[in-house]
Amino acid sequence: MNKRSTFKLLPISLAISAALTSNQALSAESTQQAKEETEVIQVTGIRSSLTKSMSLKQNASSIQDSIVAEDIGKFPDQNVAESLQRISGVMISRTNGEGSKITVRGFGPKFNAVKMNGRTTATTDRGREFDFQVLPSELISGADVIKASRANIAEGSLGAYVNVNTARPLDTPGMHAAGSLNLKYNDLSGETDPKFSGIYSNTFEDDSIGVLLGFSRVDATSRIDAAATNLWAKFEADNTDYAPGPIVDESGAPFTSGSIYYPGRAEYNLKEEKRERTSANITLQWAPNDSIINTFDYLYSDLSRQTFSNGMQIPLQYSGWTDVVVSQNQTAISATKESSPIDGLFKQEGQDSTTQLLGFNTVIYSDDWTVTGDLAYSKAKSEPKGNTFVPHYINHTVDQSVPGQERGLTDADYIKFDSSGDVITIDSSIDWGNPESVRAHWNDVRHTELEDEIFETKIDATHTFDGDFIESLDFGVSYTDREKSSIVFKNENGCSNQNIEDDIARAATNTCGTQRMMSEGLFSINSGNDFLSDVSGNFPRNFVIVNDIHQFIDDIGNLRGEPDWAEEILDEAASVANTETTLAVYAQVNFAAEFGAFDLSGNTGARYVQTEVSSTGHRKERVSIEKFVDPTRPDTGDGVVLDVEFTEPAEVTEKNYYNHFLPSLNVSLDYRNGYFIKAAAAKVITRPSLEDTGVNRSYSNVRAEDFRQSRGNPYLLPYQATQLDLSFEYYHDSGSAYSFNLFYKDINSFISSRTYIEDTGVDIDGWGSLEEMITEKGNRSGGNVSGFEVAGLHYFDYLPGFLSGFGVQANYTYTSSEDKDAEGESIVQDGVKSAGGGLEGFSKHSYNLIGFYENDNFQARLAYNWRDEFLNARQGARTGGLPQHVAAYGQFDFSTSYDVNEMITVSFEAINLTNENILEFADVRERVSLLEYSGRRYQLGVTAKF
C-alpha cells in the first residue's frame, strides 16, 4: 500500500460515515429502548475483564487496545506477555517456552516502548527491549497498547507504546486482599514446583490514605530438547580436493558444477533450566484534600534463570565429502565424510538479574488546572553467562600410540549424515555413547555484567477551557538520563597454559586435540532418555553426559597445570558504557464538538525532543597474525588455527547529537449509537539499540575459516517513520464489540547490518590469503509497512439457559512490508534464495481465537494463538550469514476456575496443550537451523479473597 492508496481510504470512510448518519435516528431510538428494557447485571471474571478492556478502547484519546485484570491478583494469564498476545497485532517471542518480549504490527521488541505506570523501566538485556518475564502477573492491574501516537506520551516506538499499570489503593477504597498457592508442572522435565503470591490493599482516614503491598514467588524447573545446525557454508561441486565425490542430484544424475551448501555442525542439546523469581511492590497514597493526590511506588524483581545442557555436535565443516546427494535447492542432503572427532557439547548458561523501579507522583487540581509532577528512578543489574565445554569423542578402540593414529581415528572411520528431515540423522564408526571415547579439547568460560540506570523526571499540565471546541490544552517537559554498561569477562586462554614461556613445555599443557584423557567416572550415558521423543529419525538420543561439571573444570585445570584456568578477566575491548540524555517538550490541544450526526473529539500537537548520546570503551588493534602450530601435535584436525597478537586496549569516547520534531493528530467520530470512526497521523521514532551504538569491537580469531569481527557504531541515528491509522469500531450495549483497523507506516530512516569482506594482507601457510568478515550497523532509507486488523468480541447472553454464558473473542492481523533498498543490497549467491524485499520480523498473517464460558461460579477459556513465518535476520549468525527465518507457530492454552464460595477459588491452567515446537531455518525450509521443544506446562492452584 502506498501513500496515494492510503488517502483513497478517506472517501471510503466518508461513505461509511454517511451510511451511519442515515440510520442514526432509528438506531438511537432502538438503543434507548433497549437500555430501558435491559436489566443491569454486575459481571465479574472473564467477562468483566473483557468489558472493561473494551470500555478503555472505546474512550481512549487515540487508537489503542487494553487488557484488565479479572480480579485483584488475577491477571488473565500467568505471564503478562502471554496476555498481551491476545490483542490484535501483538505477537510474542518465547524464552524456553515462556512469553518474553512483544512484537506489534510486525515491529519487534526494540521498536516498542514499554513503560511501568508511565515510567521508563531499566532492562536486563543489552538493548532497550523489555523482558516481561521479570514481571509477576499477580501484581499487575492492566496494560494499554497505544498504537497511534500522541504528543503527550513519550516518543520511542514505531510499533506501540505499552503502559503496564499496577493497582492503586485509593482507586478501590476499603480493605481488599488475596492470596494464592499453586503447583506448576512441566511434562518434559517431570518436575513440580511451587508458586505463591499475595496482595493486600487498604485505605484509612476517610479513604485519604492508601496502602498496597504485593508479593510473588515462583520456582519452575523446565527442560528443553533441541536440535540445531550452524556454520552453514558451501563448497563448489568441481572442487575434488574438498569433495572427492561422487556428487549426484536426487534423481541420481551427476551434479558437476555450482555451489553446494551444507551445515558446518549438527548439534543435539538437552537443556534443563531452573528458574526462581521473587517480586514485591508497595504503593502508598495520600490525598490530604480533594485537590492533591500523592503516590509513591516501589517495584522489585529478582529473577534467576540457570540452565545446563548436555549434548554433542557433529563437525561437518571439514573436507573429505563422498557419496553426496544434492537437492534441487543445492543443499547437501546426505553424504559420507572421512571422520574427524565428534564433539561433546556441555553448556552452562543463564542469568541472574534484579530490577528496581521507584517513583513519586503528585497530582494537583486547581480550578481549571491540573498539574502532575513525576520523579522516577530505575535500575537493573544482570549477569548473563555462557560457558561452553567441548570434549572430543574418538574411536576408543584405536591405538593412539601407532603412527598415523594419534588422533584416535583410522582411514576406515566415517561420518554419514542425512539432512532431509528437520533433524539431521547420523551414522558413524565413532561410539558417541561410550565414556571411553571422551578426550579433553576446547573450553570457553565467560560472563557479562550488565547495568542499566535511569533517572527520569517530568511535569505535565492541563488547562481546561469553557469554549465550544477547544476543551483543554496539555503541555509539559520531561528529562531522562540513562546509562547502560556492558562489562565482559572471560578466561584468557582456551587451550593451554600461557604462563609457561617455553614452547615445548607450554604445548604439553594443550588440551585441544584428541590425546588427553579425563577422570574415570566423570561421564555417563543418558540411556532411557526420551530426547526429542516426538521426532522420528536415527539421530543421537543416548549420548555422553557429564556427571559433575565442577569436576570437569578441575580436570581441565590438572591437565593444563593451571588450577585457576577458568578465572575470568576483564575483556576491555568488548566492554562498553553508553549514556543517553533526552529533553522533550510538548503541547497538545484537545478538542470536542457536537454536530447533528455525530460527536467529534480528538487532539493535535507536537513533541520536540533533543537527544545526546555517548559511548565509552576500549579499542585494540591487531599487530600480527600467524598460523598456530602445536609442536607436539602438528595435525590437530581442527582446521587452520591462528595466533593473533593485539595492542593494549586504549580508551576512546565518541559522542552524537540529534533532535526531532514529532507532530501528531488523532480524531474520533462518535455516532452516538455505538459506531465510531477514528483516524490518526503522526511522525514517530525509535532510537538505535544501545548494543549497536558502542565503540566496542568483538573479534573471532581462532580459525582462518571463521576470521571475523563485529563493531558498534556510535553515530547511528534513530529509525524514523510517518504513520497513518484508520479505525472503524462498534460497541454494543451488551458489551460485544467489533473493530476494523487500517495502518500504514512509511519508514524514511532505517538501521540494518552491513557485512563486507576485507583482505588482511596476510598469507597463511596451508590456507592462503586471509580475509576478514566485518559486520556493523548503519543507517539507510527504509521501506513501508501496511496492513489491517479485524477484531471481535461477542457474548451469547441472548441464548437461553446455560448457553448464555458462552462468548468468543477473535482477531486477525495482516501485515505487508516492503524494503526495496535491502533487497538491492543483498549479495546474489549461487544456491541462496534471496531474503526478498520484506522487513525483518514481519509475519504476514497472525490471529487469535478464544472461546470462553462463564456462568455463576464456573469459568473456562480455550485460546489459540498463531503467527505466520517471518524473516528473522537477513544475515543470520547461526546460518553463517544466510537469511534466517522462523517458521509459523501456533499454540493452544486452556484455563478454568471454580468459585467454591465468595472467598475460595480453585483454578487449573494448561499451556501449550499440543506440545508445539519452535523451528527456524535459513533461506529455504530444508536448511533447518533450530528445532526446539519445551513441553507442556500445567498449573493447579487455590486463591483466597478477603
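**Ground rules.** I number residues from 1 along each chain as its sequence is written, and I work with heavy atoms for side-chain values, leaving out hydrogens and water. Since I have a prediction, I ask for pLDDT of at least 70 for local features and 80 or more for side-chain atom pairs, while totals for chains, interfaces and linings use all residues.

**Helix 7.** The 12 residues should span 16 Å at 1.5 Å a residue, and the end C-alpha atoms sit 17 Å apart, which agrees; the expected span is 1.5 Å times one less than the number of residues.

At the N-terminal end I found Asp548 as the cap, with a side-chain oxygen 3.0 Å from the backbone nitrogen of His550. After the helix comes Gly561, with a positive phi near 65°.

Which residues of helix 7 are buried? I get Ile549, Phe552, Ile553, Asp555, Ile556, Gly557, Leu559 and Arg560 (buried is under 20% relative accessible area, exposed over 50%, partly exposed in between, with a 1.4 Å probe and protein chains only). They pack against several strands, including strand 15 (292–315) and strand 20 (369–393); contact here is heavy atoms within 4.5 Å.

**Strand 41.** Next I checked residues 806–818, where the side chains alternate. Gly807, Gln809, Asn811, Thr813, Thr815 and Ser817 point to one face and are buried.

For neighbours, I see strand 40 (residues 784–795) pairing antiparallel with strand 41 over 12 bridges (pairing needs at least two DSSP bridges). Ser816 is the bridge partner of Ser786 there. Strand 42 also runs antiparallel to strand 41, with nine bridges, and Val808 stands opposite its Gly851.

**Rings.** I count 39 aromatic pairs (Phe, Tyr and six-membered Trp rings with centres within 6.5 Å; planes under 30 degrees apart are stacked, over 60 edge-to-face, the rest tilted). One of them is Tyr847 with Tyr864, tilted, at 6.0 Å centre to centre and 45° between the planes. Tyr847 is in strand 42 and Tyr864 in strand 43, 17 residues apart. Tyr847 is partly exposed at 30%, whereas Tyr864 counts as buried at 18%.

Note on methods: Helix = DSSP H or I, 4+ residues; strand = E, 2+ residues; numbered from the N terminus. Polar contact = N/O pair within 3.5 Å; in protein donor to acceptor, adjacent residues only side chain to side chain.
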